[in-house]
Amino acid sequence: MRIKQAFFGLFAASILLVVQSSCQSKEEIFRQQYVVEGMMQYEKHCENCHQKDGSGLKDLYPPLSKTDLWKRLNASQVACIIKNGQKSAILVNQKSYQNYMPGNSKLEALDVAEIVTYLRDKWGNDPRIFSLDSARLALKNCN
């Protein structure tokens, strides 16, 4: 009897998931894909310094969550920092962080687009996709 109930529960959950997925637009599914891929790239390339929760690391590395960065930097500027690093001090929440942030020249434009999308979605209250074309243009025009 319990096996039947468990099977029925699993079946009902599967149906609900399919129905919910089918109600999402292609754009939303595409955006969610960018966010998930960006999260995986963040975990691989950024989390060690900026931490899983985006809190940063004491006085060494600035936080990404609960910061004024998202009001001061646009997506193109964030893309350039991710790809090329940050050599000068950066001010975050009125606190100066002096440590050099190395760039990651091995990241492709798509990787950067996904990371920026994830960061803005997670901590910037901005659910928009930072598109591949936007990332390519931003990276081409970095100072």
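**Exercise 1.** Which residues does V116 touch, not counting residues up to four places away in sequence?

*Solution.* Start with the ground rules. This is a predicted model, where local features need pLDDT of at least 70, side-chain atom pairs count only at pLDDT 80 or more, and totals for chains, interfaces and linings use all residues. Residues are numbered from 1 along each chain as its sequence is written, and side-chain values use heavy atoms, with hydrogens and water left out.

Step 1: A contact means heavy atoms within 4.5 Å.
Step 2: list the partners. V116 touches A75, V78, A79, I82 and F130.
Step 3: V116 sits in helix α6 (residues 109-123). Helices (H or I, at least four residues) and strands (E, at least two) are DSSP runs, numbered from the N terminus.

**Exercise 2.** Decide for V116 and for M40: buried, partly exposed or exposed?

*Solution.* Step 1: take the cut-offs. Buried means under 20% relative accessible area, exposed over 50%, and partly exposed in between (1.4 Å probe, protein chains only).
Step 1: apply them. V116 has a relative accessible area of 1%, so V116 is buried. M40 has 42%, so M40 is partly exposed.
Step 2: look around M40. M40 lies in helix α2 (residues 26-45). With V36 and M39, M40 forms a nonpolar surface patch of about 230 Å² of accessible area together. Accessible areas come from the Shrake-Rupley method with a 1.4 Å probe; for residues, only the protein chains shown count as cover. Patch residues have over 30% relative accessible area and no salt bridge; like charges are joined within 9 Å, nonpolar side chains (Val, Leu, Ile, Met, Phe, Trp, Tyr) within 5 Å. A salt bridge is a side-chain nitrogen of Lys or Arg within 4 Å of a carboxyl oxygen of Asp or Glu.

**Exercise 3.** Which element gives the largest share of the lining of the largest pocket?

*Solution.* Step 1: define the pocket. On a 1 Å grid over the protein atoms alone, a pocket is an open set of points where a 1.4 Å probe fits, with protein on both sides within 12 Å along at least five of seven lines; lining residues have an atom within 4 Å of a point.
Step 1: count the lining. The largest pocket is lined by 26 residues, and H50, L64, I81, I82 and M101 lie nearest its centre.
Step 2: name the element. α5 gives the largest share, 3 residues.

**Exercise 4.** How many helices and strands does the protein chain have?

*Solution.* Step 1: count. The protein chain has 7 helices and 4 strands.
Step 1: order them. From the N terminus on, they run α-α-α-α-α-β-β-β-β-α-α.
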